[in-house]
Amino acid sequence: MSTSQEGTQTNSVIGAEHIEWVQNLTSRARTAMNSVLEGKDEAVGLSLIALLAGGHVLLEDVPGVGKTLLARAMGKVVDGSVRRIQFTPDLLPTDVVGVNLFNQETRHFEFRQGPVFANIVIADEINRASPKTQSAMLECMAEGQATIDGQTYPMPTPFIVVATQNPIDMEGTYALPEAQRDRFLTRISLGYPATSDEVDLLDNQIQNDPLETAAAVTNLEQITQARTIVRHVSASRALREYIVAILHATRNDQAILLGSSPRGGVHLLRAAKARAALSGRTFVTPDDVQALAPYILAHRIIPRDGDDAELAADLIGRVLSRVPVSTNQ
């Protein structure tokens with residue numbers, strides 16, 4: 001799609017050619033990321049949906065299963081700035097967002113940006129940092145800006161945080177507060193690879209770094225344009241009412257202590273639009289919502305029997321089975 005075509009489409013209804021363009025772009029990115037990771041196509045697909053929907057990704061699993069590799073692979077295929085922050089208990093908020101330093105020559109304070117000012121920020125083991133440092137990410141993730149000493153600094157565009165998290169019961173971890181988890185569009189668990197995939201991993205990664213062969217297959221302008229196209233994917237009123245009914249069901253379920261926030265519905269609709277585009281459609285269907293709801297809503301609820309990821313996903317599945325789908329959608 002040419003630049004002139006791209007500029008025209010943002011002010012008009014999207015057509016099949018725009019959806020096809022997004023499909024081709026994400027297909028190249030998916031292929032490139034799958035060449036780095038073994039047997040993680042589902043996680044790769046979800047991360048690309050988050051990228052197109054303009055949301056942040058929380059990768060939660062035990063150490064060593066490829067969480068950081070997935071985040072770095074996404075950064076590699078997108079030709080933008082990528083920075084990694086290793087979260088540790090002694091990390092300070094200023095280590096994340098930056099600090100004002102006094103310049104002896106000019107006799108003025110100058111702002112030195114922290115690593116959060118990048119297109120893709122890899123927040124590695126985010127729950128190893130203290131709650132105070134974790135909260136430094138909230139404004140950046142929710143509003144796309146950081147405020148330091150009363151001065152507001154915008155994040156670059158696009159801006160996405162790909163955070164990795166170890167299980168809460170592991171030593172030296174701090175649970176992410178609900179307010180921060182709600183900022184993530186999706187939570188993904190990679191899991192252990194299948195036997196054949198793990199054998200291939202040993203064969204391919206012992207002597208070579210898989211990221212060395214990965215190359216950028218898109219750029220920031222194309223990602224921004226793809227996001228614009230995805231936002232124009234249509235969703236009927238009945239479809240939006242279906243999403244709201246799911247949210248209300250999580251709030252009225254006796255097995256759920258805290259139901260999903262309204263932001264959960266916004267993120268679910270954005271992700272469903274991205275999935276529809278990747279499926280070659282200009283409109284969202286209930287299947288898009290149902291396929292993504294466990295990944296978008298599970299980390300936003302708190303089960304009465306304990307804050308467990310698998311239990312939360314199971315409860316979302318039970319909610320989906322009870323909420324009727326309108327035939328008008």
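In these legends, contact means heavy atoms within 4.5 Å. The structure is a predicted model, in which local features need pLDDT of at least 70 and side-chain atom pairs count only at pLDDT 80 or more, while totals for chains, interfaces and linings use all residues. Residues are numbered from 1 along each chain as its sequence is written, and side-chain values use heavy atoms, with hydrogens and water left out.

Figure 1. Ile 302 lies in strand 13 (residues 302-303); helices (H or I, at least four residues) and strands (E, at least two) are DSSP runs, numbered from the N terminus. Leaving aside neighbours within four places in sequence, Ile 302 is in contact with Glu 178, Arg 181, Ile 256, Leu 257 and Leu 258. Ile 302 counts as buried because its relative accessibility is 15%; buried means under 20% relative accessible area, exposed over 50%, and partly exposed in between (1.4 Å probe, protein chains only). Ser 260 is 42 residues from Ile 302 along the chain, and the C-alpha atoms of the two are separated by 8.7 Å.

Figure 2. Ala 274 is found in helix 11 (residues 262-278) and is buried, with a relative accessible area of 0%. Not counting residues up to four places away in sequence, Ala 274 touches Ile 49, Leu 52, Ala 53 and Val 230. Gly 39 is 235 residues from Ala 274 along the chain, and their C-alpha atoms are separated by 22 Å.

Figure 3. The contact between them takes 21 residues from domain 1 and 27 residues from domain 2. The largest pocket has a volume of about 730 Å³. Of the 25 residues that line this pocket, the closest to its centre are Glu 60, Arg 187, Ser 189, Ala 309 and Glu 310. Two or more lining residues come from each of helix 3 (41-53), helix 7 (178-181), strand 10 (184-188), helix 12 (286-297) and helix 13 (309-322). The largest pocket lies between domain 1 and domain 2 because both give residues to its lining. That lining divides into 13 nonpolar, 2 polar and 10 charged residues. Here Ala, Val, Leu, Ile, Met, Phe, Trp, Tyr, Cys and Pro count as nonpolar, Asp, Glu, Lys and Arg as charged, and the others, Gly among them, as polar. On a 1 Å grid over the protein atoms alone, a pocket is an open set of points with protein on both sides within 12 Å along at least five of seven lines, a cavity is a set of points where a 1.4 Å probe fits but cannot get out, and lining residues have an atom within 4 Å of a point. Grid points are joined across faces, edges and corners, and a volume is the space filled by probe spheres set on the points.

Figure 4. Pro 158 lies in the loop between strand 8 and strand 9 (160-165). The peptide bond from Thr 157 to Pro 158 is cis, with omega near -5°.

**Figure 5. Aromatic pairs.** A search of the whole structure finds 3 aromatic pairs. The rings of Phe 102 and Phe 109 form an edge-to-face pair because their centres are 5.2 Å apart and their planes are at 65°. Phe 102 is partly exposed, with a relative accessible area of 36%, and Phe 109 is exposed, with 60%. Phe 111 and Tyr 153 form a stacked pair, 4.0 Å centre to centre with 20° between the planes. Phe 111 lies in strand 5 (residues 108-113) and Tyr 153 in strand 8 (residues 151-154), so this pair ties together parts that are 42 residues apart in sequence. Ring pairs link Phe 111, Phe 117 and Tyr 153 into a cluster. Rings of Phe, Tyr and Trp (its six-membered ring) pair if their centres lie within 6.5 Å; planes under 30 degrees apart count as stacked, over 60 as edge-to-face and the rest as tilted.

Definitions and conventions: Domains from an automatic or database assignment.
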